[in-house]
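Subject: the two-chain model

Hi,

Here is the structure I promised to pass on.

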Amino acid sequence: MPRLTIDDLKKMRDQSAGAIALRAGTARAKVTVHMGTCGIAAGAREVMAALLAAIEEQGVTDVMVTTSGCAGLCSREPMATVEVRSQAPVKYVNLTPEKMAQVFQQHVLGGEVVMDAALAAGCETTG
Amino acid sequence: MAFRSHVLVCAGTGCVSCGSFELGAAIEAEIARRDLAGEVQVVRTGCQGFCAEGPVLIVQPDGVFYCGLKKPDVPALVEEHLLKGRPVTKLMYTPPAAPAPVPTLSQIPFFAKQKLVVLRNRGLIDPERIEDYIARDGYAALAKALGEMTPEQIIQEIKLSGLRGRGGGGFPTGVKWATCRQAAVHRGVEPIVVCNADEGDPGAFMDRSIIESDPHAVIEGMIIGARAIGATQGFVYIRHEYPIARERLAKALDQAREYGLLGRGVLGTKLDFDISIVQGAGAFVCGESTALMASLEGKVGEPRAKYIHTVEYGYKNLPTNLNNVETWANVPLIINRGAAWFTSMGTGDVSDNPWNGSSGTKVFSLVGKVNNTGLIEVPMGITLREIIFDIGGGIPRGRAFKAVQTGGPSGGCLPASHLDMPVDFDSLTAAGSMMGSGGMIVMDDQTCMVDVARYFIGFLTEESCGKCIPCREGLRCSLDVLTRISEGKGEEGDVELLEEMGGVMQDACLCALGSSAPNPVISTLRYFRDEYDAHVREHRCPAGVCKALIKYEIDQAKCDGCHACVTACSTGAITGQVKYPHLLNQDLCIKCGACIEACKREAVLRA
């Protein structure tokens, strides 16, 4: 490792800040891949892998990826929920790795909902 | 590969002793078995603070806190939370008196009331990776100090921040730096910077935790200090008893050297500076500046008279700037965020005189009779009540609060009437205690204040170096008197004798160990004199602690003959047939109290 200068230090900080930002809980969007038994059987692990690959490829550091249980609509798994900060969450159904990559590109990064894969916007009422 | 989730396993000394290394390895194995290794990262962090519930871990970005984990919990935790995204309620923390476990950090009062400045990276970074520290703005302050500020500007910023020494004395750091720089320039010699990590107070572990969780913060502070003062050589004087802290610090120093943050031409500038680790042998007095310098030089760790301070003639008679671990760790933040940010926390107005208030935060180790023992950081000026009852969760088993001991053996005990007092340097001193390095020992109504004073005086008697007579003999005599009182052999005039000896020691001892040594006696006399009187005049220990003054008896009406006390008793003092009331033989009883703990019917009485 060469000895750093002040400029190198700043570059290094910018490169690695994203990974840590996720630990500190600051992100512009959150994607939840539903990982119930039904989801996993229908291919949710592959969908997750495609999502992580897309994030890696684009060098995006401030998108949070998480998992959750069955979303209740087992017949239309794999499903994912995309929440862009200060917008209503959108649920996607019947995802494939390719579809997931498209959702990431178009919705998470571009802000435009992928209509043909979307089930609905909003949340179920709870409580 | 980017990770979607991070499992932050606490690897502070407390959790390590509860098996957190094995736990981390088990989680990693389970993650690999589930084929999640590319998605979930396991990070070992420094102390996360909640030592009472160890081993603990946090799953991010969800912010879910798990505690008291054991290896058999791991498969369910990985499958449910990390694979399926369902946090596992039964492994979460349940606050005392709460109806159900609470999942996230922000909902747990222990964490919610704290303000993390010095400990900002605890639980977030891997202390053994410099890249993690840099990602959290690490060494940015050093870049600023080297690239944009003159040494005078750095010293001025520290002065304006009102930062006062966190090792106990509360001396303004900026003033110390300026004096050291001046002395070096005046004499044309190179000054030395030293970090005091010789934390020896019973029950205190702030400095250890800071080094364990964020060693680079201390190193960065020291490099900035070296730049401001003009030093090329630095030392960290650390106790031999802190192996994890020392290893992490050594690793961090190696990384800093490799990256050009230490050595010749720091960050490509003209600054040359390096730091060596020196191990202390565990003598309490070596935390005192002149004794520490002697020990650094390889001599016996004894203090000298301080009409000339070490800041002018210290290590090898060079001007030596000594600051505590926590003080150094504050420096990068002040340079990065400015003095005004720092003074926005704390009490008093320090704009033209740092002695006028206490700015910033303070790290405390909260221990003793309190539910949430652990390591906390709070803004200066918070009340003792908030620390003990909100963050600390109150006294275990619903017992009454009696006193809190602050400042270690040099500090004092404060009673319940002081609970609403703000915690800062000057309020604590005015109340007869002191900030000290930040140990905080909570005591309940089963604590005898004479016994507490006797314990601390006993500790100091052992640790006194014996160089000056007031300390050596004053402590020995005080211990004799206190032991006499606790054995019920106290006489009228003993209390006055203690007060007189305390006064002489305060005036005549060579160093601060001796001059502050009477504090445990004087503060307990000030607030709990009636307890001393009960021991001396009535030969009674109101708290039921002093063994010579109590005896155990079995209430024949309440005892159901369950035999639990017979099993617990190690001397065979209790006899009796099962299902018939038992008897206690006073001649064999050593008054250990094991029977009272074992009895479920409160049939064992302490009188």
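Let me start with the domains of chain B: six residues of domain 1 touch six residues of domain 2, where contact requires C-beta atoms, placed from the backbone, within 7 Å of each other. On the domain 1 side of chain B that touches domain 2, two residues are nonpolar, four are polar and none is charged. In that sorting, Ala, Val, Leu, Ile, Met, Phe, Trp, Tyr, Cys and Pro are nonpolar, Asp, Glu, Lys and Arg are charged, and the others, Gly among them, are polar. The C-alpha centres of these two domains of chain B are 34 Å apart. The assignment for chain B runs domain 1 (5-108), domain 2 (130-352), domain 3 (449-537) and domain 4 (551-606), with bounds from an automatic or database domain assignment.

Two housekeeping points. This is a predicted model, so local features need pLDDT of at least 70 and side-chain atom pairs count only at pLDDT 80 or more, while totals for chains, interfaces and linings use all residues. Residues are numbered from 1 along each chain as its sequence is written, with chains lettered from A and ligands numbered from 1 in the order in which they are written.

Now the chain contact: 34 residues from chain B and 29 residues from chain A take part. On the chain B side, strand S1 (5-10), helix H5 (130-135) and helix H6 (140-147) each give two or more residues; helices (H or I, at least four residues) and strands (E, at least two) are DSSP runs, numbered from the N terminus. By class, that side of chain B has 16 nonpolar, eight polar and 10 charged residues.

Next, strand S5 (residues 192-197) of chain B. Six of its six residues are buried, so S5(B) is largely enclosed by the rest of the structure. Buried means 20 or more other C-beta atoms within 10 Å of the residue's own, exposed 12 or fewer, and partly exposed in between, with C-beta atoms placed from the backbone. Ile192(B), Val194(B) and Asn196(B) cover one face, and Val193(B), Cys195(B) and Ala197(B) the other. S5(B) pairs in the parallel sense with strand S6 (residues 233-239) of chain B over six bridges (pairing takes at least two DSSP bridges), and Cys195(B) has Val236(B) as its bridge partner there. S5(B) also pairs in the parallel sense with strand S8 (residues 320-324) of chain B, over five bridges, with Asn196(B) opposite Asn324(B).

Cheers

Technical notes
Contact = placed C-beta atoms within 7 Å.
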